[in-house]
Amino acid sequence: MEYIKSDSSYIIRLDRGEEVLEAISSLCEKENIKAGFLSGLGAANDIEIGIFDTAEKEYFKQSFSGDYEISALAGNISRQKGKPYLHFHITIGNPKEGKFAAGHLSKCVISATAEIYLTAVNADVDREFSEEIGLNLIKF
């Protein structure tokens, strides 16, 4: 991962073999980013996407391997128990094979490169688990 910082924004390049969630979490720790949002695109070959089943209160995941374009990566950053909490969604596709998917990002290994723009927000945003919903909700 390489990046530059400008005011409260970061321009990030991830390289082949890097995992998105691990890399962004590491950056948040290093730069003490407590809250923010990001968007990005790129190419990946090992991806896990999920959907939250509100009745069963659990994520159901599907894995994808092979060549995929990341057409949209979006999400927010907060903290839970002092550690970075990343909530990202992704849209991937392989037009050559007619495969497309979108959902909550659990894993994404870069196959070529990823270009991500992250904006840090000067706020303390925490997360707390909601028994009623079954998710870690933003707590102010």
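Lys 61 is exposed, with a relative accessible area of 51%. The cut-off for that label is over 50%. This is a predicted model. The partner of Lys 61 is Glu 48, and the two form a salt bridge. Their closest N and O atoms are 3.9 Å apart. Glu 48 lies in strand 3 and Lys 61 in strand 4, so the pair ties together parts that are 13 residues apart in sequence. Glu 48 is partly exposed, at 22% relative accessible area.

Glu 29 and Lys 83 form another salt bridge. Here, too, the closest N and O atoms are 3.9 Å apart. Glu 29 sits in helix 1 and Lys 83 in strand 5, so this pair ties together parts that are 54 residues apart in sequence.

Now look at the exposure of each partner. Glu 29 has 39% relative accessibility and counts as partly exposed. Lys 83 has 51% and counts as exposed.

How many salt bridges does a search of the whole structure find? The total is eight. One of them joins the side chains of Arg 13 and Glu 2, at 3.1 Å from N to O. Arg 13 belongs to strand 2 and Glu 2 to strand 1, so the pair ties together parts that are 11 residues apart in sequence.

Arg 13 is partly exposed, with a relative accessible area of 34%. Glu 2 is also partly exposed, with 49%. Asp 15 joins in as well: Glu 2, Arg 13 and Asp 15 are linked in a network of salt bridges.

## The nonpolar core

In soluble globular proteins, nonpolar side chains tend to be buried together. The largest nonpolar core in this model has 31 residues. Ile 24 and Phe 88 have the most contacts inside this core. Several elements each supply at least two of its residues: strand 2 (9-15), helix 1 (20-31), strand 3 (36-53), strand 4 (58-80), strand 5 (83-94) and strand 6 (99-120). Which strand gives the largest share? Strand 6 does, with eight residues.

Take a closer look at Phe 88.

## A nonpolar patch on the surface

Some nonpolar residues lie on the surface. Ile 4, Ile 11 and Tyr 117 make a nonpolar surface patch of about 310 Å². Ile 4 is found in strand 1, which covers residues 2-6. Is Ile 4 buried or exposed? Ile 4 counts as exposed because its relative accessibility is 54%, and the cut-off is over 50%.

Strand 7 covers residues 126-130, and strand 8 covers residues 135-139. The two strands run antiparallel and are joined by five bridges. One example pairs Arg 127 with Ile 138, its bridge partner in strand 8.

What lies between the strands of this hairpin? Four residues do. Gly 134 in this hairpin takes a positive phi near 90 degrees.

Definitions and conventions:
Residues numbered from 1 in each chain as written. Predicted model: local features only at pLDDT ≥ 70, side-chain atom pairs only at ≥ 80, totals over all residues. Heavy atoms only, no water. Patch = residues over 30% accessible without salt bridge, like charges linked within 9 Å, V, L, I, M, F, W, Y side chains within 5 Å. Areas by Shrake-Rupley, 256 points an atom, 1.4 Å probe, with all protein chains shown as cover. Salt bridge = Lys/Arg side-chain N within 4 Å of Asp/Glu carboxyl O. Buried < 20%, exposed > 50% of the residue type's maximum accessible area, 1.4 Å probe, protein only. Core = buried A, V, L, I, M, F, W, Y, C linked by side-chain atoms within 4.5 Å. Pairing = 2+ DSSP bridges.
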